[in-house]
Amino acid sequence: MSIFKLSQEMSPAGDQPKAIKGLCDGLSKGLTKQTLFGVTGSGKTFTMANVIANYGKPTLVIAHNKTLAAQLAQEYREFFPNNAVHYFVSYYDYYQPEAYMPVTDTYIEKEAMINEEIERLRHASTQALLTRRDVIIVASVSCIYGLGSPVEYEKVNMKIAVGMEFSRAELIRKLIDVHFVRTNVELNSGEFRALGNMIEIMPVNERTIFRIEYDASTISKIIELDPTTMSIRSEHQIIFLFPAKHFISTPEQSARAFKTIKIELEGRLAELEKAGKMLEAERLKRRVKYDLAMIKEVGYCNGIENYSRHFSGKMPGEAPDSLLAYFGSRDFLTIIDESHVTVPQIGGMYAGDASRKNTLIDYGFRLPSARDNRPLKFDEFEKKVGQVIYTTATPGKFEKEHSQNVVEQVIRPTGLIDPVIDVKPVAEKGQGENKYKGQIFDFIEEAEKAIKKGGRVIGTTLTKKMAEDLAEYLKEKKIKAEYLHSDIKTIDRITILTDFRKGKFDILIGVNLLREGLDLPEVTLIGILDADKAGFLRSETSLIQIIGRAARNVDGRVILYADVMNDALNYAINETARRRKLQSDYNTKHGITPKTIIKKIQDITDQLQTEHDKTIKELVKIDEKMFNENPKKLIEMKNSEMSEAVKVLDFETAAILRDEIAILKKRMV
């Protein structure tokens, strides 16, 4: 019996039964590489959910960006409501890697902003892998980056039970040893506070508080509390706490690391001095000695990950532990979504990282061992995953050459046909009343017609700046529009897409982020600006993918703005025509009337927000009426309530009121 229970709300249709059988037969035969060649809107994710349920093993799904990973995580949660489906992406809202540019003699220090909620979800992922088998992890390519040893992470898993002789002082020391932070105010993930004969702890994998109560040095009670209201959720006899950070090392490992770092430093200094690089030698000497002093004093230094090989005890050049290591030695299935983009991305990560690190090492900013803090090489990745299924509407060279089985899924269960394609000029043409004003004005005119009929519109540009400028221009024309590109934070991207589906705005302008996997059935028109500009964003693959965004609605239509018909355009138009014919013939044969996909508008934004944030939003809604009547009076009242909360040391309530007041004040501006 499978460890996965698939929701029975849907059953396979169209080409899905054939695809499911073909892939499952391939898995049972031990094939290591298969491809699901499925057109947009044919239900590839549902097909893969059926494959997962039949295969019955832990599964890693890799997507090439956070937004697509979020959408897939939500879909798999709907398919497997009773199993553990987790979201694992980079926890940085902003990341500027350390770098050195010799030409201008410019050193750029690492800068990063960590999103605590995404970090919480990362811990939930790893803890699920270590404690159960019915796990599906939907990840971005961050899953191939160093994460810390699962052995050490699991080894320091803390058992806390009622009746245990485990004094308050011992527990505090143990929490600090596994990177929990002590605080006296509001608790956040990975923090604890000591209050009298109690210790309150917020674990890193969920939004809850565990209150440990003592009778002398014996644990007398374990109570789980709601972090916002502090009301009792339940009582426990036993709980387990994982470390607050993935990188864990014992005192013995740390002592060994300090010794090997010093040995490496001496050897590297000798090399630099022999080569006459005295400046580089002095720079490296100062850097490493300062870092070691910081690690000894506070247990951390900026860029500590560059010493990870020394702390892990791995050999030079050995692959670092990544999320894949948390699957352990057991068999697991890997699904690479939109593989024509994701596979090259996985393959390219190592080279880019190595180039930057080599420059830092050559100029004395880092020890050579910094190279071992890196993503997996592609061959290392392939050795660590088992059986792989690539899913794509446009297979790349790699899938074509390496797949032992290719299963085609062209027929959509909905009967939906690929969109109608129109080709229009980019430049202005003609004169007088019949003058064609160019792609922008035509796009706006066509978009307004589509919006009038209740549809949504996507416009794709070649650059981020063009996307921003066009969105602003549309707003000036009183058209509700937003732009979307890679500079926008993960959670904001998901929110924008959800708002677009809800109809809070009508036109979404973007670059290549709008291509693969985004499921937007409300879209009836896509305008591809500058479609004839040869390059990555207007290649055969890219054009097919963009056109596919309009294949989920019966009124789907695409306008290609082009002055010259090149090979990529001709291929995209001909392939779309081929798919239209196959689906039309199938519909006629089976008496199917195409229907627009009806899909619930859901996302994972709520799970990426803290309970604190959700509470503030609810309070703002409740106070909406009073704010509209007398905003100043409401803010005065809230300030008074906040002061009262502080007087009785209720810092959680005070923090909520503080943040609500900040939102209300912004609305007054």
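**Ground rules.** I am working with a predicted model, where local features need pLDDT of at least 70, side-chain atom pairs count only at pLDDT 80 or more, and totals for chains, interfaces and linings use all residues. Residues are numbered from 1 along each chain as its sequence is written, and side-chain values use heavy atoms, with hydrogens and water left out.

**Sheet.** I looked up the strand order first: an open sheet of 7 strands reads β3-β8-β2-β17-β18-β1-β19, with parallel pairing. Strands here are DSSP runs of E with at least two residues, helices are runs of H or I with at least four, both numbered from the N terminus, and two strands pair if DSSP finds at least two bridges between them. β3 (84-88) and β19 (405-409) are the edges; each has a single partner strand, so one side of each has no neighbour in the sheet. Neighbouring strands are turned by 20 degrees against each other on average, direction ignored. Axes are lines fitted to C-alpha atoms, for helices over the stretch in contact, and angles run from 0 to 180 degrees between N-to-C directions.

**Strand β18.** I checked its partners next. β1 (residues 33-38) runs parallel to β18 (residues 387-392) with 5 bridges, and Q34 has I389 as its bridge partner, while T35 stands opposite Y390. β17 also pairs with β18 in the parallel sense over 5 bridges, with V388 as the bridge partner of T334. Is β18 buried or exposed? I found 6 of its 6 residues buried, so the rest of the structure largely encloses it; buried is under 20% relative accessible area, exposed over 50%, partly exposed in between (1.4 Å probe, protein chains only). Q387, I389 and T391 point one way, V388, Y390 and T392 the other.

F80 touches, among others, F4, L6, I52 and V85, leaving out residues up to four places away in sequence; contact means heavy atoms within 4.5 Å.

**Positive phi.** I went looking for non-glycine cases. D105 has phi near 50 degrees, sits in the loop between β5 (99-101) and β6 (106-108), and is exposed at 53% relative accessible area. A216 has phi near 60 degrees, sits in the loop between β13 (209-215) and β14 (218-225), and is exposed at 73%.

**Rings.** I got 12 aromatic pairs, with Phe, Tyr and Trp (six-membered ring) centres within 6.5 Å; planes under 30 degrees apart are stacked, over 60 edge-to-face, the rest tilted. Y107 and F365 are stacked, at 4.6 Å centre to centre and 5 degrees between the planes. Y107 is in strand β6 and F365 in the loop between α10 (339-362) and α11 (378-384), so this pair ties together parts 258 residues apart in sequence. Y107 is partly exposed at 27%, whereas F365 is buried at 8%. Ring pairs join Y100, Y107, Y363 and F365 in a cluster.

**Charges over rings.** R283 lies over the face of Y100, 5.9 Å from the ring centre. The rule takes NZ of Lys or CZ of Arg within 6 Å of the ring centre and within 35 degrees of the ring normal.
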